[in-house]
Amino acid sequence: MKPESKKEPKEGGGGDKSDLTALMDEFSSQAQLAAARTVRIKKVEDLPLALQDYLAEKGVKTLLVAGQDRLDLQGMEEMAAGLGIRLILCDKLAKEEVQNISFECDASLTVVDVALAKTGSMVLLHGMESPRLPSVAPPVHIGLIFAKDLISDLNALGDFLEQRERLPSAVTVITGVSRTADINLNLTLGMHGPLEVLAVVVEEGS
Amino acid sequence: MKPKTELFRRNARESLNNLAQRQLAQQIAGLFRMLRQFAMQSYPDPKKALGEVAEIRRRSLEELPELLVRFSENAEAAGARVHWARDAEEACQKVVDILERHGAKLVVKGKSMVSEEIELNEVLKEKGIEVYEGDLGEFIAQQVGISPFHIVAPAVHMPVSEISRLFTQIMGIEPTEDPARLGRAARSYLREKFRQADCGITGVNVAVADTGSIVLVENEGNIRLATSKPRVHIALMSLEKVVPTLKEALQVVDVLVKSCTGQKISAYISIITGAAKPWEKDGPEELHIIIVDNGRTKIYSTPETREALRCIRCGACLGVCPVYTRIGGPAYGWVYSGPMGAVLNPLLLGLDRCRDLFEACTQCGYCQEVCPAGIKHLDMYHHYRGLSWRGSTEWRAEKGRIPFGLKLWAWAVGSPSRYIMGGRLARFFLKVKSREGRIRDLPFLKGWFAVRDLPSPSAVTFRDWWSSAHKGGR
């Protein structure tokens with residue numbers, strides 16, 4: 001279901017494509033302000049190449065993946081094999097394994113359901129294919145966002161969720177990296193949640 | 001935490017003498033005020049946005065009984081179990097019952113003001129249940145047993161060296177005064193607790209009647225972990241938190257975050273609707289929502305006090321209050337400090353125990369100007385002051401003894417001639433006491449003069465000036 005705000009042309013926008021570009025630009029700049037790193041790729045098949053250097057730089061040895069149905073799994077597996085990374089699919093794991101591996105893996109990759117351009121936020125609707133822990137427990141979280149899933153803000157998210165017949169047991173809005181200023185008002189990035197967040201925006205496809 | 005609001009005067013004096021703490025209170029207030037102003041600019045019309053939230057809170061309170069019933073029905077339909085607790089004791093007992101039924105021995109908590117209000121940690125400790133606050137500031141405050149300095153940053157007044165000593169002692173780390181390294185140490189230490197915990201306990205920022213959802217806001221990720229890993233989630237919710245729709249809840253959250261920490265949006269917002277479904281691979285198998293009254297029905301049913309329940313606990317009022325910004329949170333002696341505390345504490349603890357909190361107000365009114373819930377703090381304080389002099393069994397206030405000076409004042413202003421005469425006498429007396437243009441001491445007013453002087457009265461009174469200036473009908 002498409003949220004209404006996505007159909008509304010942006011002020012000064014020429015058509016659908018420029019609207020989407022503006023949303024992607026705004027999303028990226030806002031996510032960066034919240035200390036997330038952002039990457040833009042053309043299509044989902046470009047993901048393995050886009051992640052290759054990043055995963056190597058982070059020394060990732062285990063990557064937990066949720067929502068693999070929307071990925072180019074073969075490409076990801078080849079890339080992981082090349083780098084010696086163990087790719088673990090949530091889908092194939094039992095309940096307890098998902099929970100344990102979420103705490104033990106080096107990084108996670110989850111497919112984002114909706115993203116908010118005005119705040120650079122990634123929204124996850126949790127359910128069977130999208131557990132909660134992979135986006136909060138690992139030290140690195142990579143969120144994959146399809147540009148068509150970009151909406152404007154919390155208000156638009158309210159519209160989007162209210163259109164649904166039933167809400168999932170948990171919806172999480174993630175904006176940048178977990179943080180605290182509890183010691184001496186000193187801003188520390190990476191508290192209990194991921195120490196680093198990478199938002200990958202896919203321009204085409206769903 | 002045990003209330004010590006009666007000690008406000010003594011504590012405030014101590015805080016005023018603590019220069020470092022005074023500077024910190026000013027610093028934190030200044031920072032949050034600046035960030036808040038900046039965040040508000042992201043609204044096309046900030047006044048309108050605040051007005052809308054105030055209206056949501058007003059309307060939600062109007063419909064509170066119906067909204068609570070609707071919330072409870074929808075939450076249960078979504079798979080949560082809703083419990084009602086009349087007071088602190090009952091609320092704690094319900095938590096204990098749930099934990100005992102699951103044989104829970106280890107609990108992790110997300111920041112929850114109502115859990116502090118009902119002294120839950122103390123009760124769980126007595127029952128031999130290990131409890132860890134997950135929010136870093138709350139964790140430090142819990143370990144040291146200090147009163148919170150600020151609603152957002154409860155342990156910000158703890159010197160880094162002391163936090164280092166504390167962490168060295170409980171986590172076995174090398175001493176360090178680097179806040180980032182201390183944060184990492186707490187992350188590693190608490191991570192295992194989150195992983196092993198039998199139950200996660202959180203508060204509720206906003207509840208949604210239409211969907212039975214609870215909405216939680218945070219920056220650290222402790223609430224997300226506490227609501228994702230343990231098998232049981234208990235959410236403590238004071239009964240005024242409910243609004244009609246999810247859209248309205250998100251509107252409240254949006255303003256809450258901006259007013260609270262001055263962020264455009266917090267790092268995490270969780271919308272939780274029922275327990276996790278059996279086919280989900282994480283999330284709690286049971287979600288218990290305990291709706292806590294603890295005196296709120298009485299506050300709700302009294303027209304003059306109902307407005308206090310609009311509070312969304314953003315703490316915007318703290319940053320602008322000339323009293324809070326000089327003494328900080330610990331002087332208030334309980335969970336809620338600043339104007340928020342001066343409004344809520346007297347109703348929750350009784351007026352006599354909190355008289356000095358609202359008496360200390362300077363009536364500047366800045367708190368109500370920034371309050372996104374539209375609370376008229378000054379009207380509330382006036383009401384409390386009236387009650388506390390007249391006496392009220394309902395709000396636990398003994399009839400106040402009007403001091404002789406005030407009685408004399410009331411008698412003098414009762415007639416113009418007495419007022420003029422009294423004014424002349426007072427001026428004469430003040431001139432006698434005046435030295436170098438200042439009066440530094442007067443009998444019966446030692447307390448007032450302890451921290452300030454009074455300028456000498458001017459040579460010509462306003463009354464005399466007016467009559468001479470307006471001679472001839474000018």
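This is a predicted model: local features need pLDDT of at least 70, side-chain atom pairs count only at pLDDT 80 or more; totals for chains, interfaces and linings use all residues.
Side-chain values use heavy atoms, without hydrogens and water.

**Extent of the interface**
- Chain B brings 65 residues to the contact and chain A brings 59 residues, where contact means heavy atoms within 4.5 Å.
- About 5200 Å² is buried between chain B and chain A, 58% of it on carbon and sulfur atoms; buried area is the accessible area (1.4 Å probe) that two parts lose on being put together, summed over both.
- On the chain B side, R187(B), K247(B) and K281(B) lose the most area to chain A, together 15% of what that side buries.

**Strand pairing**
- β9(B) and strand β9 of chain A (residues 170-175) pair in the antiparallel sense over five bridges; strands are DSSP E runs of at least two residues, numbered from the N terminus, and two of them pair if DSSP finds at least two bridges between them.

**Charged links**
- The rule finds two salt bridges across the interface, each a side-chain nitrogen of Lys or Arg within 4 Å of a carboxyl oxygen of Asp or Glu.
- R195(B) and E104(A) meet through their side chains in a salt bridge, at 2.5 Å from N to O.

Note on methods: Residues are numbered from 1 along each chain as its sequence is written. Chains are lettered from A and ligands numbered from 1 in the order in which they are written. Helices (H or I, at least four residues) and strands (E, at least two) are DSSP runs, numbered from the N terminus.
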